[in-house]
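This report describes a protein model for a reader new to structural analysis. Please examine the sequence and the structure shown below before reading on.

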Amino acid sequence: MQKIEGKSLAQGAVIGKLRFYREAEYDIDEGDYDDSDTEIARFEQAMEAVKNHKFALAEAAEANSDNTGAMVFVSHVALLEDRGLIARVEGYIREMRKCAEFGVKVGFNDVADDIRNLPDPYIMRRSDDILELEREVLEELMGATQGISFGRDPYILAANDLTASDVARIDRKHVLAIVLKGGSINNHASILAKGLGIPCVIRAESLSYASDGKEVIVDGTNGIVVLEPDADTVRKYDEVMKENKAFTDSLMRLKGKMTVTRDGQEVRLYANISGPHDVSTVLENDASGIGLFRSDYLFLKDRDYPSEQEQYLSYRKVVEEMNPRSVIIRTVDIGSDKNVPYLHLDKEENPALGMRAIRISLTRHDFFKTQLRAMLRASAFGNLRIIFPMITSVSELRECRDVLNECEEELKREHVAVGSYKVGVMIETPASVLIADQLAEEADFLSVGTNDLTQFTLALDRQNPNLDRFFDPHHPAVIEAIRMTVEAGHRHGCLVAICGELAGDTSLTETFMRMGVDALSVNPQFVLPLRQRIRELDLRQS
Ligand code: PEP
Ligand code: MG
């Protein structure tokens, strides 16, 4: 038995088999293959499939006015058609009598090495493209899936680290818990992981790949992982798990009850979700609506832009299943730590301050319009609200509204039904707090994103794990910024919600209730504990 100390990310305990995820490493047969014709044909087919995929991506990028992206995909096709590269791979297959996978692995690497040694820095950079393409051709040949999955038996997912896109690709039906060697409390990967409602431990630094396949206990509440636990420890955790279950079951009595303090102050209790898969948990936990649907998930999970139809179906499903409860969908907030390769965003020195969120939407109108059209179409099926992230000026809000109106008019001309909807602004920068009065005059509601608001108020990178001890959402400046927003919103008849992680921090619930916050939006599994906390409060007592 070995006890590994990490940090708690999400509470709960579980026992299961650990599977250590590593970025695909291909086990390639190095033996001799006599049937070179078959191997060459397999190679050609895989190349064709990757090229077709690239053409489709180039078309999608062009349709989204992403000319840089389209050019990159076309240049990938040119690389795949390079006679020298093809000859190198075919040489390994025919002359050395190797399989197609071997030819691709070694041939692509040879060419990447040659290029890397050239004096021209522009051409040198193409060696990374060649390696990216090598991976895609191998995936095609070996049928690797894009998802992170270890089969159908439930397992505990371990990894060195996960990106937000990785979390979006987790096979959530079978994962019991997550353990990371690295990780940071406040980055988007962690926030998405918390939304899975399973125990999570990060910074379990002494975890290693050698633990793959072993039985482990993950104690998310205390940030501990126990490798190969002895019988006593298993018994102890069986008890803990029983107690946790009894606590969760006891909360069920609060379903259907009001979220109101003893002295009668009510607050709306909403849930945060990342996609339609979360709605059943939201309903099970009796949230009064969805306070933040992070639509980013739809953009992170695949290798390609989600189409208007795909987005519409997802939004409609959520809106329809929640009806008549309200659903706030946030327009895409990618960039920064949410990297979407097909968008071909430039590498930036300060990506959290860079081309992200609404700045991407306002720079690529077609991309933005695709999402807004999908949302407006979904509005006909329930109670929809649209919220814009990272707004820093009134003119940005106006521009968003203009594009929204343009989409609505287009849809009306096409005789497509659009329902009624409201428009809100995320308050997550000091700028938006300072102009909250003006924003509230033009918006229907405000919602405070405390994760980014903390980052930007304290000038502190939320992704940097070394700064975790300085990341203080309880800082008086953050609390004051929330108070200013609530007061400004109320001066203009605007509802003010909190949808960042702080909304679920029960040590601040009383403070928020005293401020008069209208809604708190938290992970679905926090809804009932928070309702319990609010029902215990009596604001008449000082
Ligand atoms: C926030 O910043 O608090 C927020 C809700 O948005 P995200 O965590 O997705 O950046
Ligand atoms: Mg944010």
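What percentage of the 542 residues in the protein is buried? Buried residues make up 53% of them, where buried means under 20% relative accessible area and exposed over 50%, with partly exposed in between (1.4 Å probe, protein chains only).

## Basis of the model

This is a predicted model, in which local features need pLDDT of at least 70, side-chain atom pairs count only at pLDDT 80 or more, and totals for chains, interfaces and linings use all residues. Residues are numbered from 1 along each chain as its sequence is written, chains are lettered from A and ligands numbered from 1 in the order in which they are written, and side-chain values use heavy atoms, without hydrogens or water.

## Overall fold

The protein has 20 helices and 16 strands; these are DSSP runs (helices H or I, at least four residues; strands E, at least two), numbered from the N terminus. Its C-alpha trace spans about 85 × 70 × 40 Å along the principal axes.

## Helix α8

Helix α8 covers residues 231–251. Its buried residues are Thr 233, Tyr 237 and Leu 251. They lie on the same side of α8, because they cover an arc of only 30° around the axis, taken from the directions from the helix axis to the C-beta atoms. The face turned away from this buried side carries exposed residues, including Asp 232 and Lys 242.

## Magnesium site

The protein donors of the magnesium ion (ligand 2) are Glu 428 (OE) and Asp 452 (OD), at 2.0 to 2.2 Å. Donors are N, O and S atoms within 2.8 Å of the metal (3.2 Å for Na, K and Ca); water is not among the atoms, so sites may look incomplete. Both Glu 428 and Asp 452 are buried.

Note on methods
Expected span 1.5 Å × (residues − 1).
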